Amino acid sequence: MGEVIVSMKNIVKTFPGVKALDNVNFQLCSGEVMALLGENGAGKSTLMKILSGVYTRDGGTMTIFGKEYDALTPKKAQEVGVAIIHQELNMCRHLSVAENMFLGREKVRGITLRNSEMEAEASRILGDLKIDIDPRQTVGDLPVSKQQMVEIAKALSVHAKVLIMDEPTSSLTAKEIDELFRIIRKLKADGCGIVYISHRLEELAAIVDRVTIMRDGQYITDGNFADMTMDQIIANMVGREIKEQFPRVSCPKGKKIFEVKNLNAGKLVRDINFSLYEGEIVGFAGLMGAGRTETTRAIFGADPKTSGQILLDGEEVKINCPMDAIKAGIVLAPEDRKKDGLCTKLSIRQNLALPNLDLICNGLGVINSGKEDTLCEEAVKNLLIKTPSVEINAANLSGGNQQKVVVGKWLARNSRVVIFDEPTRGIDVGAKVEIYNLMNKLKKEGIAVMFVSSEMPEVLGIADRVIVMCDGRITGEVMAQETTQNEVLKYATEFEKKQAGFEI
Amino acid sequence: MNEKKQSTMKRLLGTRGMGAVLTAFAGLIIIYIAFGLIDRNVFSGQNVMNLLRSMSKYLLIGVGQSYLLITGNIDLSIGSMVGMSAMISATLMTMGIHPVAAMMVAMACCLICGVVNGILVGKFKLPPFIATLGTMFVTRGAAYMVNNNRNTDAIATGIGKEAGDSFQNFFYYGKTLGIFNTFWIALILFLVFFFLLSKTRTGRHIYAIGSNVDAAKLSGVNVVYTTIKAYLVSAVCSCVVGFILCAQAGMGNMEAGNMYEMYGVAAGVIGGISPLGGTGLLLGTFAGAAVWQTLENGLNMIGAQVGIQRLVIGIIVVFSVLLDVVVRSGSFGKKAAQ
C-alpha cells in the first residue's frame with residue numbers, strides 16, 4: 001500500500017437542524033480502492049463533498065498530499081488533484097463530450113476557444129481508457145452508461161490523483177460494470193487513490209482493498225476488506241444484526257389472478273406471456289435493457305401496446321392508459337422514484353392522495369380532508385413510513401421511505417396486482433429489508449406481486465418464481481429456490497442468433 | 001484543400017441546432033417569395049432596404065433575449081430599457097448636450113440595469129421572470145420620469161440642430177455603401193455577439209449554465225458572472241435599439257420599445273432557440289428576426305390590417321416551436337428503434 005494521500009480528522013459539518021458529520025476520521029492511501037460504506041444518511045456523500053470542495057466543513061482538519069487546506073472550492077479541489085463523480089450524473093447534456101470534459105477550464109488562444117485541441121486531448125484521454133466515444137458527440141444523445149464513462153474521463157482529464165466515485169454502478173449493466181472495474185484497476189495501478197461509495201455490497205469483493213464504515217454521521221470503523229466478513233460489515237453499517245438479508249415468507253399458492261397473453265409493444269416487449277397467482281411473488285430478472293421496465297409500462301398503460309390481452313380473474317380488461325389499470329386494480333411502483341413515482345415538490349399527504357382523489361372527493365370535486373387524513377394515517381401506519389409529519393415534501397424523505405410512499409399511494413385502493421420496478425435501487429440494506437417485508441405482506445394478503453430487479457441475489461432471495469427476459473422476450477422461467485445465478489444468467493444472455501454478433 | 005473545405009462544411013452543418021436554423025431560413029425564403037408573388041413591390045430594391053432597416057431592431061432585441069434564453073433565463077426588462085435609453089438620450093440632446101455624451105449616459109444606465117438583473121438572478125437566485133418583471137417596471141418608470149412624464153421635444157431643433165441631425169443620420173436615415181446605417185450597426189453588433197457566444201469561453205459557459213447549472217458550477221464555472229454577462233448583452237442591445245427608435249422618431253417617446261422583450265423571445269424561438277436553455281444558435285435569431293420583419297412587411301404591402309398581422313405572427317411562433325417539438329420527438333422515436 002502506498003503512502004497516505006488524504007487524511008481528514010475530526011470533521012464536523014452541521015446543516016440546519018442536523019449534525020451531518022460528527023468527528024469523522026478518514027484516510028486514503030495512494031494505489032488503493034477504499035470503499036466508504038454506510039446506510040443512506042450516514043454522511044458518506046457529505047464527507048466526500050467536503051473533500052471535493054462542494055461543501056465547507058465546520059470543524060476538523062483536512063490534509064491532502066501532505067498539505068493542510070482550510071476551505072476548498074470545486075475548482076481548487078480539481079487543481080489539488082481531487083475529482084468527484086457525483087451520484088446524479090452532472091453533465092451538460094446539450095454540450096459535446098469534449099466540451100463537457102473541459103468545462104470550466106477551456107483551452108483558449110487569446111479569447112478564442114481552441115476546440116480542435118480540446119477534442120484531440122479528449123480523444124486521447126478516452127483512448128487511454130479504451131472508451132469508444134467520439135468527443136464531438138452530444139452528451140445527451142449517449143446512453144447513461146456512456147455518460148458515466150464520460151464523467152470518469154472528465155475527472156481524469158484534470159489529472160486527478162484522488163478520485164471519488166459516488167454510486168458509479170447504479171445505472172450500469174454487468175458488462176459495463178466490468179468495464180468500469182477494468183478502468184478502476186488501471187487507475188489503481190497508476191497510483192491513484194479511489195474512494196468508492198456503493199450500496200451494492202456484492203460488487204465490493206471485485207475491487208475493494210479497504211473499507212471505512214460510517215453510521216449516522218459518525219465514523220464507526222475501518223480495516224482491510226479481506227479481514228472482514230460481509231456480516232460484520234452489514235452489522236457495522238446498520239448498527240444491529242440483520243437476521244435475514246432476504247426474509248422469505250411461505251404461503252400456499254392460490255388461484256390465478258392475473259394473466260398477460262401475447263403482449264407486444266415495440267422492440268423490447270415481444271410476445272410476452274405470463275401469469276401471476278395469489279400468494280406468490282414473481283421476480284423478473286434480466287440485464288439492463290432486456291425490456292422488463294417496458295413490459296411493466298405496457299401492462300400499466302403508460303406506453304401504447306401493439307397487441308395482446310390482459311386478464312384479471314379470467315376476464316379481459318382493456319387498458320389504454322394508466323387510469324384504466326388503476327381502476328382495474330393493477331398498479332405500478334415505477335423504476336425512477338423521483339421522476340415517475342413521486343411529485344417531489346408536493347407533500348407526502350398530497351402524494352398519497354393523488355391517485356385516490358376519486359375516493360376522497362365529493363361529487364363536486366372538493367377534497368374531504370377528513371378522508372384524506374385517514375388515508376394518510378393508515379398508509380403511514382401500515383407501511384411504517386418514518387416521517388415527522390405527512391406535510392413535509394416527499395423530496396426530503398430517504399430513498400426507502402420514498403419508496404414506501406410510492407407503494408402507499410396504491411394500497412388504499414384494494415389493488416389486486418402490484419408491480420414493483422427496481423424498488424430497492426439506491427436504498428440501503430436496512431430499508432431494503434423493509435421493502436421485502438412489505439412485498440411479503442402483500443403476498444400474504446393474496447395480492448399478486450410482480451417484482452422487477454436487476455440484483456440477482458434479491459430476486460432469487462425474495463421471489464418464489466423467476467421469469468427471465470432478454471431482448472424483449474421471455475427466455476426462461478425457474479423456481480427461485482431450485483435455481484442458481486448462473487442458470488438465470490444463461491437465460492438472461494440468450495440473445496437471438498442474428499443479434500449475437502452485434503452484442504459481443 | 002477541397003477535402004478540408006468539405007469537412008468544414010460538414011462540421012458546420014452538423015453543429016447542434018443547425019437544423020432549426022436552416023428550417024427558419026427556408027421558412028424565410030418561402031414567406032418572402034410568397035409575398036413577392038402577391039405583390040411584386042416586395043422584391044423592389046427600395047423595399048429590401050427598408051426591410052433590412054426595420055429588421056435591425058428585432059435582430060438586436062432578439063440577440064439580447066437569445067443570450068438569456070440560452071442560459072435558461074429571460075429578460076422582461078428589454079422593452080423598458082429601450083424606452084429608458086430613448087428617453088435619456090433624447091432628453092439630454094434637447095438640453096443641448098452632445099449626442100455622444102447623451103448616449104454614454106443612457107448606456108451607463110442600461111448597463112446598471114443589466115448588472116442588477118444579473119445579480120438578482122445569478123446571485124440571489126430570484127426566478128428570472130420575477131426579477132426582470134421588477135426591473136421592467138422600474139426602468140419604464142424611469143423612462144417616464146426622465147422628462148417629467150412627457151415625451152421630449154424634437155431633438156434636432158434649436159442649438160442642438162446640427163448634432164441632432166447627425167445623430168438621426170447615423171442611426172436611422174443615413175446610408176453606407178447603399179445600405180441603411182441601422183442595418184450595419186445591427187450587423188456589426190450581431191457579429192460581435194455571435195463571436196462571443198460561439199468562440200469564447202464566456203459563450204461556452206453561457207450554454208453550460210443553460211444546460212445544467214449544477215454541473216457547470218461543479219466544473220468551476222462562475223455562474224454569477226456568467227449570468228451577469230448575459231444580462232449585460234441584452235442591456236447593450238436594448239440600449240442601442242433605444243438610440244435607433246429615438247433617431248427614427250426624432251424625439252424621445254416614453255412608450256418606446258413597449259413589448260419588445262416578447263418580440264425578442266419570438267425571434268429567438270422562431271430561429272430554434274430553446275426557451276428551456278442550453279441550445280440554439282444566434283444565426284437562428286437572425287433568421288427569426290428576418291422572418292418576423294418579412295411577415296410584417298409583406299402583410300403591410302398586401303394591405304393586411306394590424307389585427308391580421310398580429311394574428312399571423314402569433315400562429316407562426318407557435319407553429320415553429322410545434323414543428324421543432326414534432327421533429328425532435330420523431331428523431332427520438334428513431335433512436336429508440338435503433
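Predicted model: local features only at pLDDT ≥ 70, side-chain atom pairs only at ≥ 80, totals over all residues.

Student: Okay, how many helices and strands does chain A have?

Tutor: Chain A has 18 helices and 22 strands.

Student: And what's the radius of gyration of chain A, next to what the globule rule gives?

Tutor: The radius of gyration is 24 Å, close to the 23 Å from the globule rule for 504 residues, so chain A is as compact as a globular protein of that length. If you want a box, the C-alpha atoms fill roughly 70 × 55 × 50 Å along the principal axes.

Student: How much of chain A is buried?

Tutor: 45% of its 504 residues count as buried. As for contacts in chain A with a separation of 6 or more, 68% are between residues 24 or more positions apart.

Student: Switching to helices. What does α15 of chain A span?

Tutor: α15(A) covers residues 429-444, which is 16 residues. From first C-alpha to last, the helix reaches 23 Å, close to the 22 Å expected at 1.5 Å a residue.

Student: Which of its residues are buried?

Tutor: The buried residues of α15(A) include V429(A), I435(A), Y436(A), L438(A), M439(A) and L442(A). Charged side chains turn up there too: K432(A), E434(A) and K443(A) are also among the buried residues.

Student: What comes after the helix?

Tutor: G446(A) follows α15(A), and its phi is positive, near 85°.

Student: How many bridges join β16 to β17?

Tutor: Two bridges join β16(A), residues 307-312, to β17(A), and the two strands run antiparallel. L311(A) stands opposite E316(A) in β17(A).

Student: Last topic: how many residues are in contact between chains A and B?

Tutor: 21 residues of chain A are in contact with 19 residues of chain B. On the chain A side, α2 (74-80) and β8 (112-113) each supply at least two residues, and α2(A) gives the most, with three.

Student: And what's that side made of, by class?

Tutor: The side of chain A that touches chain B has nine nonpolar, six polar and six charged residues.

Note on methods
Residues numbered from 1 in each chain as written. Chains lettered and ligands numbered in written order. Contact = placed C-beta atoms within 7 Å. Helix = DSSP H or I, 4+ residues; strand = E, 2+ residues; numbered from the N terminus. Pairing = 2+ DSSP bridges. Rg over C-alpha atoms; globule rule 2.2 N^0.38 Å. Buried ≥ 20, exposed ≤ 12 C-beta atoms within 10 Å, placed from the backbone. Expected span 1.5 Å × (residues − 1).
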